[in-house]
Amino acid sequence: MPTSPMRIAALASAALIATLASNPAQATDGYFLNGVGAKGKGMGGAGIAYPQDGMAAVNNPASISGMESRLDLGVEIFVPDRGAEITGNGAGLNGSYDGNGSNPFILPEFAYVRPLSDDLTFALTINGNGGMNTDYETNPFASFGAQGDAGVDLKQVFISPTLAYEFTEGHSVGVSAIGLVQGFRASGIQPFTAASSDPANFTDRGTDASFGAGFRVGYYGELNDVVSIGAFYQSTIWAGEFDKYAGLFADQGGFDVPTSYGAGIALHPTDRLSIAADVKRIEYSDVGSVGNPLAPLFSGVPFGATDGPGFGWDDVTVFKVGADYDVSDRLTVRAGYGRSENPVPQSETFLNILAPGVVQDHFTVGATWRASDSIEITGFAMRAPRNTVEGSGSIPMNYGGGETDIYLAETSFGFGFGLEL
């Protein structure tokens with residue numbers, strides 16, 4: 001089915017607008033997505049060594065090598081359940097707080113793949129990298145004088161042109177240039193402006209935008225008819241500062257996207273059955289605004305300063321495994337599981353009332369129906385059961401002491417439409 005470059009450009013522009021206008025609230029592998037593409041999401045996010053559609057370029061840019069021309073569109077309905085409980089506080093903060101003032105969230109994605117020659121393949125993907133949203137209609141900090149809803153809203157979108165080159169039969173390398181568009185908003189944390197290096201740019205400044213760039217490289221190899229392997233490295237995505245929140249985030253509003261890397265293997269023991277497994281590392285601690293602990297605040301380093309306080313997130317290792325089975329020539333079913341380390345230490349739960357990215361287990365199912373030789377429709381669902389991190393020494397005595405427990409659970413489902421061109 002011929003598709004003109006103008007039509008592809010129009011679809012890509014529409015996907016970009018939809019993605020930027022959406023309100024990503026993911027908090028799965030920390031705040032990164034637990035998977036991309038409707039097929040990959042149904043397999044627990046595994047896909048570094050198992051390319052199934054155009055979104056495979058996000059997992060591993062080399063894996064699209066040899067893929068036929070195709071267009072993939074997807075949408076996910078995401079429903080997080082987040083909140084906090086404060087106990088033993090001497091300043092009146094005690095209580096249970098529900099952060100679900102905003103729900104649900106619509107998350108679109110887009111991919112286009114086109115072979116340029118027998119050895120060279122191009123792809124363009126537009127997808128949400130991740131995000132975080134909390135909306136406490138009952139403000140946890142009200143006894144300090146906070147007003148209005150409390151919460152944050154972070155959204156990150158990647159626009160990634162990709163080239164993959166098959167340098168010998170069955171073995172490819174790939175590279176993606178990553179353009180980042182991200183937005184952030186914070187509200188209802190007015191009492192903490194006194195601890196900021198720039199109180200005028202700390203909270204309730206509306207949504208601010210920031211832009212950045214980085215790269216992703218990968219390798220994909222088919223060792224034989226049964227085994228394929230893959231690996232990727234994604235650089236830090238260096239981003240401009242959030243100027244409206246220069247008094248909140250460390251390094252005058254800095255908010256880069258952390259480095260990540262991983263490897264995967266896929267097995268095809270029969271013509272109908274495939275099994276894939278990935279391991280991935282995300283280095284949250286290298287980004288000051290995310291990884292710095294709260295402690296510098298009490299040694300004279302204010303919010304927003306160079307090496308200033310942050311959310312105290314640790315690096316995480318993520319494991320994913322999934323399988324699919326062709327029930328017939330038309331129907332494929334799949335399931336998967338993902339396990340992420342929790343990035344939030346027990347000592348850092350107080351500030352993470354705003355960012356409780358603590359879910360660890362992800363259970364997924366999915367299916368694809370091939371309506372014709374060129375059209376396929378995929379559905380998937382994901383459940384991440386509630387995980388609670390109980391605070392330990394979490395509220396400094398400067399704020400009345402006591403403990404903060406934070407929790408998060410997630411439910412999502414979605415659909416993908418694939419068209420071979």
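Trainee: Which residues do the ring pairs link into a cluster?
Mentor: This is a predicted model. In it, ring pairs join Tyr 31, Phe 32, Phe 184, Phe 242, Tyr 245, Phe 249, Phe 255, Tyr 284 and Trp 313 into a cluster.

Trainee: And how many aromatic pairs does the structure hold?
Mentor: There are 24 aromatic pairs. One of them is Phe 184 with Phe 242, a tilted pair with 5.8 Å centre to centre and 40 degrees between the planes.

Trainee: Where do Phe 184 and Phe 242 sit in the chain?
Mentor: Phe 184 is in strand E6, and Phe 242 is in the loop between strand E9 (238-239) and helix H4 (250-253). They are 58 residues apart, so the pair links distant parts of the chain.

Trainee: Is Phe 184 buried or exposed?
Mentor: Phe 184 counts as buried because its relative accessible area is 4%, under the 20% cut-off. Phe 242 is buried too, at 0%.

Trainee: What about Tyr 284 and Trp 313?
Mentor: They form an edge-to-face pair, 5.1 Å centre to centre with 85 degrees between the planes. Tyr 284 is in the loop between strand E11 (273-282) and helix H5 (288-291), and Trp 313 in the loop between H5 and E12, so the pair ties together parts 29 residues apart in sequence. Both residues are buried.

Trainee: New topic. Which residues have the most contacts inside the largest nonpolar core?
Mentor: Tyr 31, Phe 184, Trp 313 and Phe 350, in a core of 59 residues. Strand E6 gives the most to this core, with 4 residues.

Notes
Residues are numbered from 1 along each chain as its sequence is written. This is a predicted model: local features need pLDDT of at least 70, side-chain atom pairs count only at pLDDT 80 or more; totals for chains, interfaces and linings use all residues. Side-chain values use heavy atoms; hydrogens and water are left out. A nonpolar core is a set of buried Ala, Val, Leu, Ile, Met, Phe, Trp, Tyr and Cys residues joined through side-chain atoms within 4.5 Å. Buried means under 20% relative accessible area, exposed over 50%, partly exposed in between (1.4 Å probe, protein chains only). Helices (H or I, at least four residues) and strands (E, at least two) are DSSP runs, numbered from the N terminus. Rings of Phe, Tyr and Trp (its six-membered ring) pair if their centres lie within 6.5 Å; planes under 30 degrees apart count as stacked, over 60 as edge-to-face and the rest as tilted.
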